[in-house]
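Kindly keep the sequence and the model in view while reading.

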Amino acid sequence: MVGKVLGIKDLEQFSSRRSSVYVDPECDKFFELPLFIAASSNDITTKCQCFQFSPGKEPALRSFTEIQQLLQQAKKRDVKNILRENSWPINSPIRSQLWPLLCGQHQTKQQMLDGFYWEMVHQVFGTTELSEKPIMLPAFVDATHCLPYHLTSTGRAVADRIVNVLGYDCPDITYSPVLYPITSILLHFMSEEEAYMCLAGLVGSKEKVFINQTKLQHEVTWKTVMQIAKKHTKSATSYFQRICPGLKLERIFMDWCWWILAGLPFQHLVRIMDCYFHEGIKVLYRVALVILNLFHKECQSNNEWSPDNIKNDIGNALIKFCKKIPVSPAKLLHAAFSIRGLSTQYISRIFIKTEMLLKSRSVLTSGSKQLIKSRSSDNLPTSQSQVNIQMMSHTLTIRELFTLWSWLPVRITMYQPVLLYTTEEHGCSLTTFYVRVEQHEPTLLMIKTCNNEVFGAYCSSRWFERNVKDDKGQRQAYFGTGETFLFSLYPERAKYPWVGIEGDKDLGHSSELFMAADSKMITIGGGEGQAIWMDENIRFGKTDSCKTFNNPPLCPSGDFEIRVLEVYGFVGI
């Protein structure tokens, strides 16, 4: 059966045996059966029609068609609940259609043409034939975690080829250890081409995070999990610190994703993927917290996990525990989704704060020579940037430009600025503002008043996010991240960063009101005042102190009349 598409009789036998594996966890030998590697989507359809299931006493599971219709109606919250509650059998044919649908909804690139993947394969390898020789994996793959999940040798070769093509198509991926394991999981349920399309959707997602793609993102993620665990699994984290006083928590949490991907039984992993492909990495965060709590309980009641047995290597002990986790997939997910206070906004806030702290520390620890060089050269506008802004701007002097440029995130200074909107050329209309600006990220907003005051804001998120709805279908009032900051250039020169950029103290909701907008106004900064507010005609505005940035009013009078508003984007981002 190796190397060919499974036939009807093969599938019926495979279905029966595969089911029995998950009744008796000791039957791992059945995993050596060839897994789904179909030649085309037609083969997937044929396979799906082959499976037969006996009706049970459980409530009827929802069908693919029902979920597809809900997604077409933009009822993502309903889909989320269905995915969490419907425990489809491990051999259910629904995943061969469901997973591509879930991953495809995150695709931001234009629809790929038929045959795109195979053209890419031919470009990379010179042929579409699968080589019998080992394929060298891209540098972003962690060779120690190329988990095949019992794929055949052909299946592993296909996985190798997929990640190579993805690396060729997405050169920005520099470090992504979880990408290979997810590829292997996908190949259990779909063809090579479909698996690639799924990965392209996950990697290209803008609204949700699925797969980390750089070492920085990887480090920020595990440190985010650690920060969340300190709050939501206090007893467990305190226990591990107590029994291993010489071990830093960092050593435990660096491997958090492998508790799930390398530790959990395959039937648990597949059910987690059902939810992960829709909701993103926050599903894995929740599962990791449950694993910590369960392991902590077992440590207190089971001698196998006594302090003496685990204190020298808690990381490996956690993975071994996961391999024989004492709860079913349904109970594991139920516990994960029962954790309160773990909203997407909360996770995002911790992630952004952690990322900013890491970036700032990397600059401070890179050596005084490097720091001096950055301030005197690398973080100043290039001659082309100076020319561009001097030609476009009616508000900035060259000295003000240099000041402002030194405040921008270092990575942004590498790009050329472009004037997206100015009231002098495009008129005073909020509608026009949105048309010209809303899809750009980040943007630099500068105001010159009729009293010649100059101030503004670096806005970290797209203004289009004013239209994004939360899980309840409601538009979010505020959006943006902690990278947003305010500035004043005349008469005072000052930068006002987010108050949460330093320290781990929870400052409350009022300190995280970065950006807000609708058809009537724009606001930047909130909490007992609005740092910048402008009306729909972009003519009048006001400025107050606010909790988000702890700023004074940006002009003495508080109220101002706008002479010029300029908004800049950055080419190539």
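1. Helix 14 has a kink of about 25°, centred on methionine 273. The bend at a residue is the angle between axes fitted to the seven residues ending there and the seven starting there. Helices (H or I, at least four residues) and strands (E, at least two) are DSSP runs, numbered from the N terminus.

2. The model is predicted: local features need pLDDT of at least 70 and side-chain atom pairs count only at pLDDT 80 or more, while totals for chains, interfaces and linings use all residues. Residues are numbered from 1 along each chain as its sequence is written, and side-chain values use heavy atoms, with hydrogens and water left out.

3. Just after the helix, glycine 280 takes a positive phi of about 100°.

4. Is helix 14 enclosed or open? Because 14 of its 14 residues are buried, helix 14 is largely enclosed by the rest of the structure. Buried means under 20% relative accessible area, exposed over 50%, and partly exposed in between (1.4 Å probe, protein chains only). Cysteine 275 counts as buried, at 0% relative accessibility.

5. Strand 3 (residues 454-459) is mostly covered, with six of its six residues buried. In a regular strand the side chains alternate between the two faces of the sheet. On one side of strand 3 lie Val454, Gly456 and Tyr458, on the other Phe455, Ala457 and Cys459, and all are buried.

6. Which strands pair with strand 3? Strand 2 (residues 443-449) is joined to strand 3 by six bridges, and the two run antiparallel; isoleucine 447 stands opposite phenylalanine 455. Strand 4 (residues 485-490) is also antiparallel to strand 3, through five bridges, and its tyrosine 490 is the bridge partner of valine 454. Two strands pair if DSSP finds at least two bridges between them. The hairpin of strand 2 and strand 3 has four residues between the strands, and asparagine 452 there takes a positive phi near 70°.

7. Threonine 443 belongs to strand 2 and is buried, with a relative accessible area of 0%. Leaving aside residues up to four places away in sequence, the contacts of threonine 443 (heavy atoms within 4.5 Å) include Leu420, Tyr458 and Trp463.
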